[in-house]
Amino acid sequence: QLQLVESGGGLVQPGGSLRLSCVASGFSLDYYAIGWFRQAPGKEREGVSCLSNNVAASGGGSTKYADSVKGRFTISRDNAKNAVYLQMDSLKPEDTAVYYCAADGPNTQHYRLCVLPNATPYDYWGQGTQVTVSS
């Protein structure tokens, strides 16, 4: 059973940066497409970014970003640490939310593109980490 644990959230001033981590246990993240989602109080869950699985992937796999974070957020994978990261730069107050990582898979045989913003394919979810952007 895949388990995901997020960390790295906190309080940061507008314009600042945070790096969120999603560390997996129980199975290799190579076989999963990974998504980052967020939910602010009173708002619907929003797909932020995603990364394809690492099966026969070239160039580190494909990524997708919500328009609201393009050019500011970067998703990446560290195979040795079985982790996926979300580097968040130029943070804005509207980025304040609980951030969740989620996994779609496993798919050990085929390359699988990630899906965004639809959360339906993601079967495994972490507990979330709070990000607050405020002066």
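Me: What pattern do the disulfides of the chain follow?

Reply: With bonded cysteines counted along the chain, the pattern is 1-3, 2-4. The model is a predicted one, and the structure holds two disulfides.

Me: What makes cysteine 22 and cysteine 101 a disulfide?

Reply: The S to S distance for cysteine 22 and cysteine 101 is 2.1 Å. The cut-off for a pair of cysteine sulfur atoms is within 2.5 Å, so the pair counts as a disulfide. The link of cysteine 22 and cysteine 101 is right-handed, with 65° about the S-S bond. This pair links distant parts of the chain, 79 residues apart: cysteine 22 is in strand 3 (residues 18-25) and cysteine 101 in strand 9 (residues 97-104).

Me: Why is cysteine 22 called buried, and why does cysteine 101 count as buried?

Reply: Buried requires a relative accessible area under 20%. Cysteine 22 has 0%, so the term applies. Cysteine 101 is at 0% relative accessibility and therefore also counts as buried.

Me: How do you know that cysteine 50 and cysteine 114 form a disulfide?

Reply: Their sulfur atoms are 2.1 Å apart. That value meets the limit of within 2.5 Å, and therefore cysteine 50 and cysteine 114 form a disulfide. The pair links distant parts of the chain, with cysteine 50 in strand 5 (residues 46-51) and cysteine 114 in the loop between strand 9 and strand 10 (124-125), 64 residues apart. At 60° about the S-S bond, the link of cysteine 50 and cysteine 114 is right-handed.

Me: Why does cysteine 50 count as buried, and why is cysteine 114 called buried?

Reply: Cysteine 50 counts as buried because its relative accessibility is 0%, against a limit of under 20%. Cysteine 114 has a relative accessible area of 1%, so the word buried holds for cysteine 114 as well.

Me: How many aromatic pairs does a search of the whole structure find?

Reply: The search finds five aromatic pairs. One of the pairs is formed by phenylalanine 27 and tyrosine 31, which are 5.9 Å centre to centre with 70° between the planes.

Me: What makes the pair of phenylalanine 27 and tyrosine 31 edge-to-face?

Reply: Ring centres must lie within 6.5 Å, and planes over 60 degrees apart count as edge-to-face. At 5.9 Å and 70°, phenylalanine 27 and tyrosine 31 are therefore an edge-to-face pair.

Me: Why is phenylalanine 27 called partly exposed?

Reply: Partly exposed is the range between buried, under 20%, and exposed, over 50%. Phenylalanine 27 has a relative accessible area of 35%, so it is partly exposed. Tyrosine 31, with 30%, is therefore partly exposed too.

Me: What makes the pair of tyrosine 32 and tyrosine 124 edge-to-face?

Reply: Tyrosine 32 and tyrosine 124 are 5.9 Å centre to centre, with 85° between the planes. The angle is over 60 degrees, so the pair counts as edge-to-face. Tyrosine 32 lies in the loop between strand 3 and strand 4 (33-39) and tyrosine 124 in strand 10, 92 residues apart. Tyrosine 32 and tyrosine 124 are buried. Phe27, Tyr31, Tyr32 and Tyr124 form one aromatic cluster.

Me: Why does threonine 129 count as buried?

Reply: Threonine 129 is at 10% relative accessibility, and the limit is under 20%, so the residue counts as buried. Threonine 129 lies in strand 11 (residues 129-133). Its side chain reaches the backbone nitrogen of glycine 9 at 3.1 Å.

Terms used. Residues are numbered from 1 along each chain as its sequence is written. This is a predicted model: local features need pLDDT of at least 70, side-chain atom pairs count only at pLDDT 80 or more; totals for chains, interfaces and linings use all residues. Side-chain values use heavy atoms; hydrogens and water are left out. Helices (H or I, at least four residues) and strands (E, at least two) are DSSP runs, numbered from the N terminus. Buried means under 20% relative accessible area, exposed over 50%, partly exposed in between (1.4 Å probe, protein chains only). A polar contact is a pair of N or O atoms within 3.5 Å; within protein, one must be able to donate a hydrogen and the other to accept it, and residues adjacent in sequence count only if both atoms are side-chain atoms. Rings of Phe, Tyr and Trp (its six-membered ring) pair if their centres lie within 6.5 Å; planes under 30 degrees apart count as stacked, over 60 as edge-to-face and the rest as tilted.
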